[in-house]
Amino acid sequence: MFSLLIIICLIQLWIVFLQTKDFTELRLCFIKAFISIFALFALNTEIFSLTNAINAQNITNIWIVENFCFFSLILFQNRNNKIRLWQQLRKNILQLIIEKLLPYKAFVVLLGAVYTAIFIVAVGSVPNTSDSLTYHMARVANWIQWQNVNFYPTSTLRQLYSSPLAEYGILNIFLLSGNDHFVNLLQFGCLIGCGITVSLIVREFKQSGDVQIFAMLLTATIPMAILQASSTKNDLVVSFFALNFFLFYLRLSESAGRNDLIFCGLTLGFAFLTKGTAYIYCGSIAVIIFASVFFNRPPKQNLSRFFAQSLLILLLAVSINSIHYTRTYRLFGSPLATGEESLVNQNITPKMIAANIVRNYLIHLGTPSEEMIIQINSAAAYLLGNELNNPNSNLLDIPFRVSYSDDEVDAGNFFQIILLTISLFLIFSFRNKNRKNVLVAAFTLVFGFILFSGLLKWNPWLSRLHLPFFMLGCAIIVTVLNKYGENVKNLIILLCLWSIVNTLILGQPRSFLKLIDNFSHNIPRNEQYFTNKAEVKDVYLEAIALIKENNPDEVGLMMENDPRKYNSGDLEYPVWILLKEDFTNGPLIRHIGIKNISNKLITEAQIPVWIISTGNENTFGGVEYDEVWSKEPLRVLKKRF
């Protein structure tokens, strides 16, 4: 199983960093190694893309070479005494981990149980959320077929302009394993990474070991984080990089270390390369930390140095994104684009921003109590008035309503938002010798939330975009509430465990109940992609079966890009996985009938004999097609000779 090459490489990088720190800083070195793995994801993908050589053989070979290089580096670091290396590994890693974790074994066992449960769900589930089927996994399929990551004609522009780093990781995992069985583990790994990073942030707050591991446990109880950790989205990936940008920039503001400078630039660049919302998260982090340094009145020389370092960090981040910026600029005329979708608020006013803050807060207050939901919605309507459903700040004019959900699309974080609110109110009474850093985190969170609400239109699916705020909020919660004693800590654990159980058992579209149901009913993996939209399962299976019977060399794919159809006709990935499996063997799939700006990328006028379409047209490129099969939302067309 070649996907293990990534794990082996991670371990070797960890050892390399540990040796530079004399086998101290276990967590920090692990985080640096994990960040470096993403650097390899990007590097491997872009290198082979240059020569249209992205395939399983090349990706496997480069990971073997990289593992060999890091193993050689480890040996070189211990060239004078190789026996000492193995002694150090046994003594300073295994024994040290046991010694450090033993006093907190209750937390460790609980955390291990949570991670194990999420891991089982992640490995046992297929990518089946609408966004994954529409563009996250669909773009990976296109890349593998064309053997590069260049832009291509498509009706779904999100496959092009969306920042691609998370999908680069999925691409490498897919090609190494030969299927999509392990692609969910990318976000699962980032959940663990977020927990470790938050524990390091709490250490910067000068809190004890039990508080640090308590913070790590808290990050694993966020309902949306649990749901995302078994998916192929990118919200936990961007949370990981945003948190580490906060950690390294905070450390840099106090120590001015070269390593902190480099990893600060890397994490900022990788955050940008993962998701567009990173500009909001990291922008608020940069503003607040820089302001804290400025108002702390350091010597002028130190302030100038920190300013210069900040410019270097920004330059490194922009350089990392330069290739994606170039591709986006060439097609859309801007390095930052959102295609034809208007995601930014229009005619912004203070009243609109305030209303969006309230709405973004309230979507986390959904509970199973219908009476409570009615009261919250009534209060929101009274409080917000005309701003409740302002078309200038509502995506797709979707009316605002608080509701309860266990779905990864719109699940809220009820207990966490309550705990975070209490902590923010109590923070000004918090007394600690390093209170400044806690306040910096609090102001970063509040300013970032305001900036987020002021810039982005509200929609019911925003709760997952709040994950970086909740992750950083965990550090604030445990730091502020810890001083109120064990009873408060136990209460927090009980409340959060309740949300864990509920999410893991009843979560949609992946949970233990879903796994048990799939296993007990022996549901084929190909059918599990339609968990969210069971009504279209048979339609897709029949359409693909018809295409396979005729064994064409090429198939046209005409998918609509109407956001209101994301849950029906725009599910592209199932066509790929059912028709080609590994995206290499089988007919060439070509997007046709393109009506957006990406039609400029069409270089061949060839029209396939067979077409799978979600539209109503029967003429493509001046060629007439006959409808040979149709069931809503798909049609199978054949060229009229």
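Which residue with a positive phi follows α9? Select lysine 206: its phi is near 65°, and it comes after α9.

Before we go on, a word about what you're looking at. This is a predicted model, where local features need pLDDT of at least 70 and side-chain atom pairs count only at pLDDT 80 or more, while totals for chains, interfaces and linings use all residues. Residues are numbered from 1 along each chain as its sequence is written, and side-chain values use heavy atoms, with hydrogens and water left out.

**Stop 1: helix α9**

Helices here are DSSP runs of H or I with at least four residues, strands are runs of E with at least two, and both are numbered from the N terminus. (Buried means under 20% relative accessible area, exposed means over 50%, and partly exposed is in between, using a 1.4 Å probe and protein chains only.)

**Stop 2: a loop threonine**

Next, pick threonine 274, in the loop between α13 (258-272) and α14 (278-295). Buried or exposed? Threonine 274 counts as buried, at 0% relative accessibility. Setting aside residues up to four places away in sequence, threonine 274 touches Ser163, Leu165, Ala166, Asn234, Val237, Val238 and Phe241. Try the distance tool on valine 238: it sits 36 residues from threonine 274 in sequence, yet their C-alphas are 5.8 Å apart.

**Stop 3: aromatic rings**

Colour Phe, Tyr and Trp. How many aromatic pairs does the structure hold? There are 33. Rings of Phe, Tyr and Trp (its six-membered ring) pair if their centres lie within 6.5 Å; planes under 30 degrees apart count as stacked, over 60 as edge-to-face and the rest as tilted.

Zoom in on phenylalanine 248 and phenylalanine 263, a stacked pair at 5.7 Å centre to centre with 25° between the planes. This pair links distant parts of the chain, 15 residues apart: phenylalanine 248 is in helix α12 (residues 235-255) and phenylalanine 263 is in helix α13. Both of these phenylalanines are buried.

Another stacked pair is phenylalanine 272 with tyrosine 279, at 4.1 Å centre to centre and 10° between the planes. Phenylalanine 272 is buried at 7% relative accessibility, whereas tyrosine 279 is partly exposed at 26%.

For a group view, select Trp14, Phe30, Phe34, Phe38, Phe41, Trp63, Phe240, Phe241 and Phe270: ring pairs link them into a cluster.

**Stop 4: the cysteines**

How many disulfides does the structure hold? The count is 0, where a disulfide is a pair of cysteine sulfur atoms within 2.5 Å. Select cysteine 264: its sulfur is 9.0 Å from the closest cysteine sulfur, in cysteine 282, too far for a bond. Cysteine 474 is in no disulfide either, with the nearest cysteine sulfur, in cysteine 496, 7.7 Å away. Cysteine 264 is buried at a relative accessible area of 0%, and cysteine 474 is buried at 1%.

**Stop 5: the sheet**

Finally, switch to cartoon view. 6 strands form an open, mixed sheet in the order β2-β1-β3-β6-β5-β4. (Two strands pair if DSSP finds at least two bridges between them.) At the edges stand β2 (588-591) and β4 (619-620), each with a single partner strand, so one side of each has no neighbour in the sheet.

Work through the pairings. β1 and β3 are parallel over 4 bridges, and valine 555 stands opposite tryptophan 610 in β3. β3 and β6 are antiparallel over 4 bridges, with isoleucine 611 opposite leucine 637 in β6. β5 (residues 623-631) and β6 (residues 634-639) are joined by 6 bridges and run antiparallel; here leucine 637 is the bridge partner of glutamate 627.

Which way do the side chains of β3 go? Trp610 and Ile612 point one way, Ile611 and Ser613 the other, and all are buried.

Key: Contact = heavy atoms within 4.5 Å.
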